[in-house]
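Look over the structure below before reading on.

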Amino acid sequence: MLHLRSRLAAALAIACFSVLITAASENPERPKENRVTFNRDIAPIIFHNCSTCHRPGQAGPFPLLNYEDVKKHAHQIATVTRERFMPPWLPEPQSLKFADARQLTDEQIALLQRWVSEGEIEGNPEDLPALPHFAEGWELGKPDLIVKADEPFLLPASGTDTYWNFVLRLPIEKTRWLKAIEIRPGDKRVVHHANILVDRMENARHMESAPGAGFGGMELRIESETFDPDSHFLFWKPGTVPYVEPDGMSLRLDKGTDLVLNTHLQPSGKPETIQPSVGLYFTDKPATQHPMLLQMEADEQLNIPVGDKNFVVTDEFRLPLNVDLLAIYPHAHYLGKDISAFATLPNGRRESLIHIPNWDLNWQAVYRYAKPVSLPRGTVVSMRYVYDNSEDNIRNPNHPPKRVTAGNRSSDEMAHLWLQVLPHSDGSQMDPRMILQEALARHTLENNPHDFASLYNLGAMLQARGDAAEAITNYRSALNVRPHDALANNALGGALLAGGQASEAIPHFAEALASRPDYFDAHYNLGSAYAALGRFKEAADQFREAVHLRPEDAGAEADFGAALAQLGDLPGAKEHFEHALELDPKNQLARENLQQVLQEMKH
């Protein structure tokens, strides 16, 4: 049973053109045929890089769809492109190329400058390329399933940025495989970005004040009790084109799974109603490749003094096996200045993975590589983040500046780096994802011995490979950090029960249920512990509650029947054994016990 911490994957947002310039100085008269024209030279640049967002219904504050639109904002466009403020793209050019990069070349920027200086000539109509086709409605066509937030969120007219989480309950009755997702976040004028987390245990529902109402919060952790490291970046930003996963890399969605849509909202000056919806596109091809996220961080180093313009934090992680790097997502807040990540290969060669010399939280994104990047075992992945906590940092949220430490608020700081990788088998029988997860947990604990998630995860992996004693030690250490955590108490209780220590396990199951009364696994495990001690009345009470919480679970039905049989309630036992077999005809325990009960009922 694993507890996997999943943080937000925030996304890139678009901002309006906001810089005005005076007319550029006139160049010497050029021959007419050599002059830059909109139709021949500028339209291809604008249509490819700008029109996606600058059109009706999208985030751009004005359209850029034809000559008249672009001429009206020509001087503005010349300035923001020359300063590389537009189109929005933070990373520097590097040898490892990113997919869908929106970065103008020096030649394209020069063309825009010349066009303005030469008088914004329209040119020959025959040179005008066709406007790109923009899909109306759902960009990938009609979704297989559309889910909509149960209740809208009312964004106040003014105030600070707001983070709101919508819990989307999936009406699916069996496992489905997701190949693409399209997010309609609501009014794109006020939605800065949005991203989705997969919640397989309905944890997020417990955070809502009322069913379907949602809840606030910038950073989330979605917990899981099973080894489930598969991770996909599911996000929306202005101009996003929905990403279709390649064959074999679909995402599993089970019955009872929720999607949590985290939205970053910005007041518009009047109250706005936000009620997002999500379109799901399924495939009949199950996953055969399982990408996972590696999270590096240096939060424990964040203690940034007032006035420090070059505060540096670093982290390094050595890969325990070969991986293909698919995507990268760096994250800091408003004091971030220079963000870089690089790989040092076993042969000593250093390769830049990403470098953002002028970090801006409002333009952050997930960056997918054009081709998977092969990183062999022994490669050291490094992150180096520089922060500016001075008055010179125009993005500093504190005036005057104050000391800043790590935290979830936007006025706090973060130093996170997520790598989406596809791990390769090392030839052993062990799941390569587990090898990677264990190495990452141990690495995190070297930097922060009190990291709850890493202690929990390490305990779960040790237990999975049979090292019960060290697993219990790690679970106890995790509970020293969070004594009342339901998952950790249930895990420790389960490890003790598996080791024949039922009496010692019971208080931990009870503590788990005190924190979370509707916790199916804790009720089931507590029933098993009571049964192991011959306390069948108490066992039956716990199995009864487990069956109530999850009536489709054949194992709970069978164990409830067994407890009733021990109490002499043979008709009740027969009913639950039969129900268990209806749910799972292969349940051998229910079949054997049912035969025994039927024989006893004849006498």
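This is a predicted model, and its confidence is lowest in strand S7 (residues 235–236), with a mean pLDDT of 82, and highest in strand S19 (residues 380–387), at 98. Over residues 1–28, the pLDDT is below 50. That stretch still has 126 contacts in the model beyond near neighbours in sequence. Where pLDDT is low, the predicted coordinates should not be read in detail. For the protein as a whole, the average pLDDT is 87, and 92% of the residues score at least 70.

The protein contains 14 helices and 21 strands. Its C-alpha atoms fill a box of roughly 110 × 50 × 50 Å along the principal axes. Of the 603 residues, 54% are buried. Among contacts with a separation of 6 or more, 77% are between residues 24 or more positions apart.

The largest nonpolar core has 54 residues, and Tyr-475 and Tyr-519 have the most contacts inside it. A second, separate core has 50 residues, including Phe-311, Val-313, Phe-317 and Trp-363. In soluble globular proteins, nonpolar side chains tend to be buried together.

Helix H13 can be followed in detail. Its 14 residues (570–583) should span 20 Å at 1.5 Å a residue, and the end C-alpha atoms are 20 Å apart, so the two values agree. At the start of H13, a side-chain oxygen of Asp-569 comes to within 3.0 Å of the backbone nitrogen of Gly-572. Which residues of H13 are buried? They are Leu-570, Gly-572, Ala-573, His-576, Phe-577, Ala-580 and Leu-581. The buried residues of H13 pack against helix H12 (554–566) and helix H14 (588–602).

Note on methods
Residues are numbered from 1 along each chain as its sequence is written. This is a predicted model: local features need pLDDT of at least 70, side-chain atom pairs count only at pLDDT 80 or more; totals for chains, interfaces and linings use all residues. Side-chain values use heavy atoms; hydrogens and water are left out. pLDDT is the predictor's confidence in each residue, from 0 to 100. Helices (H or I, at least four residues) and strands (E, at least two) are DSSP runs, numbered from the N terminus. Contact means heavy atoms within 4.5 Å. A nonpolar core is a set of buried Ala, Val, Leu, Ile, Met, Phe, Trp, Tyr and Cys residues joined through side-chain atoms within 4.5 Å. Buried means under 20% relative accessible area, exposed over 50%, partly exposed in between (1.4 Å probe, protein chains only). The expected span of a helix is 1.5 Å times one less than its number of residues. A polar contact is a pair of N or O atoms within 3.5 Å; within protein, one must be able to donate a hydrogen and the other to accept it, and residues adjacent in sequence count only if both atoms are side-chain atoms.
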